[in-house]
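Please read them with the structure open.

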Amino acid sequence: LLNNFSRNKARGHLQRSVSYNGTAALEVAKMAFTARKKIVKEEGATLAPFEEVVAQALFDLEATNNELKTDLRDLYINGAQEVDVAGGRTAIVIQVPFRLLKAFHKIQQRLVRELEKKFSGKDVVLVANRRINPVPSSGFARARPRSRTLTAVHANLLEDLVYPTEIVGKRQRYRLDGSRLLKVYLDPKDRNTTEYKLDTFAGVYKKMTGKEVTFEFPVAESA
């Protein structure tokens, strides 16, 4: 009789354990599915594991951060990737829909600050997902919008990377070996909040365009 009692008791514990584990697994799966609404990939594109992590981080902020939840409710991203930059650092590049860029800009400083807390030691940058149209095969009727040219998209990428800091000047430098280096000068008033990210900006731009660039602050001329 005692053995039967012990077996029944153990069976009850097991059933409760299975029930709890099943419920917990269901909650985790539900949360993961809900988090996926924060990322919308192009049709047929596979969601990378790291993109799921970033989507979950955005979902968590929407659910728990009173300062951001209202603004984040209707926002989502198109992709995310990690990029190795100078100094052994890693940057997180988050691509957002072009039509939502202004909405992201409204909260960008707060959002980046919170994401950099979650991904400790990594710099976070947001860039718009822009499309480059190929050069038309003929000069008739199919002229490209200027905003869809390679030059325009790369120029806009520079502005996305450094936002909200303004670009105050650019200079193209030609090396003896024929290679080119673009120097981008940023508004000096943001030096204290932006200077630590200059290598990140350059590394991400090189990764996304294949072009070399340096970001600097203009040297004030002495009177």
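1. Glu51 is buried, at 5% relative accessibility; buried means under 20% relative accessible area, exposed over 50%, and partly exposed in between (1.4 Å probe, protein chains only). Its side chain forms a salt bridge with that of Lys41, at 2.8 Å from N to O. A salt bridge here is a side-chain nitrogen of Lys or Arg within 4 Å of a carboxyl oxygen of Asp or Glu. Because Glu51 belongs to helix 2 and Lys41 to the loop between helix 1 and helix 2, the pair ties together parts 10 residues apart in sequence. Lys41 itself is partly exposed, with a relative accessible area of 27%.

2. On provenance: this is a predicted model, in which local features need pLDDT of at least 70 and side-chain atom pairs count only at pLDDT 80 or more, while totals for chains, interfaces and linings use all residues. Residues are numbered from 1 along each chain as its sequence is written, and side-chain values use heavy atoms, with hydrogens and water left out.

3. A second contact of this kind joins Arg36 and Glu52, whose side chains meet in a salt bridge of 3.1 Å, N to O. Arg36 sits in the loop between helix 1 (2-35) and helix 2, Glu52 in helix 2, and the two are 16 residues apart. Arg36 is partly exposed at 44% relative accessibility, and Glu52 is partly exposed at 33%.

4. Which residue forms a salt bridge with Glu42? The partner is Arg131, with the closest N and O atoms 3.7 Å apart. This pair links distant parts of the chain, 89 residues apart: Arg131 is in the loop between strand 3 (122-129) and helix 5 (150-162), and Glu42 is in the loop between helix 1 and helix 2. Arg131 counts as exposed, at 51% relative accessibility, whereas Glu42 is partly exposed at 49%. Elsewhere, Lys37, Lys38 and Glu62 are linked in a network of salt bridges. The whole structure has 16 salt bridges.

5. Helix 2 (residues 49-64) has 16 residues and reaches 23 Å from its first C-alpha to its last, close to the expected 22 Å; the expected span is 1.5 Å times one less than the number of residues. Helices (H or I, at least four residues) and strands (E, at least two) are DSSP runs, numbered from the N terminus. The buried residues of helix 2 include Phe50, Val54, Ala55, Leu58, Phe59 and Glu62. An α-helix has 3.6 residues a turn, so residues three or four places apart point the same way.

6. Leu61 lies in helix 2 and is buried, at 4% relative accessibility. Leaving aside neighbours within four places in sequence, Leu61 is in contact (heavy atoms within 4.5 Å) with Leu68, Leu72, Leu111, Glu114, Leu115 and Lys118. The C-alpha atoms of Leu61 and Arg73, 12 residues apart along the chain, are separated by 10.0 Å.

7. Three strands form an open sheet in the order 4-5-6, with mixed pairing; two strands pair if DSSP finds at least two bridges between them. Strand 4 (167-174) and strand 6 (213-216) are the edge strands, each pairing on one side only. Strand 5 (residues 180-186) and strand 6 run parallel and are joined by 4 bridges. Within strand 6, Thr214 is the bridge partner of Lys183.

8. Helix 5 lies across strand 4, strand 5 and strand 6, at about 130° to strand 4. Helix 7 (residues 198-209) lies across strand 5 and strand 6, at about 155° to strand 6. Axes are lines fitted to C-alpha atoms, for helices over the stretch in contact, and angles run from 0 to 180 degrees between N-to-C directions.

9. Thr200 is placed in helix 7 and is buried, with a relative accessible area of 2%. Not counting residues up to four places away in sequence, Thr200 touches Val85, Ala91, Asp123 and Val125.

10. For the whole chain, the secondary structure comes to 7 helices and 6 strands. Buried residues make up 37% of the 223 residues. Of the contacts with a separation of 6 or more, 59% are between residues 24 or more positions apart.
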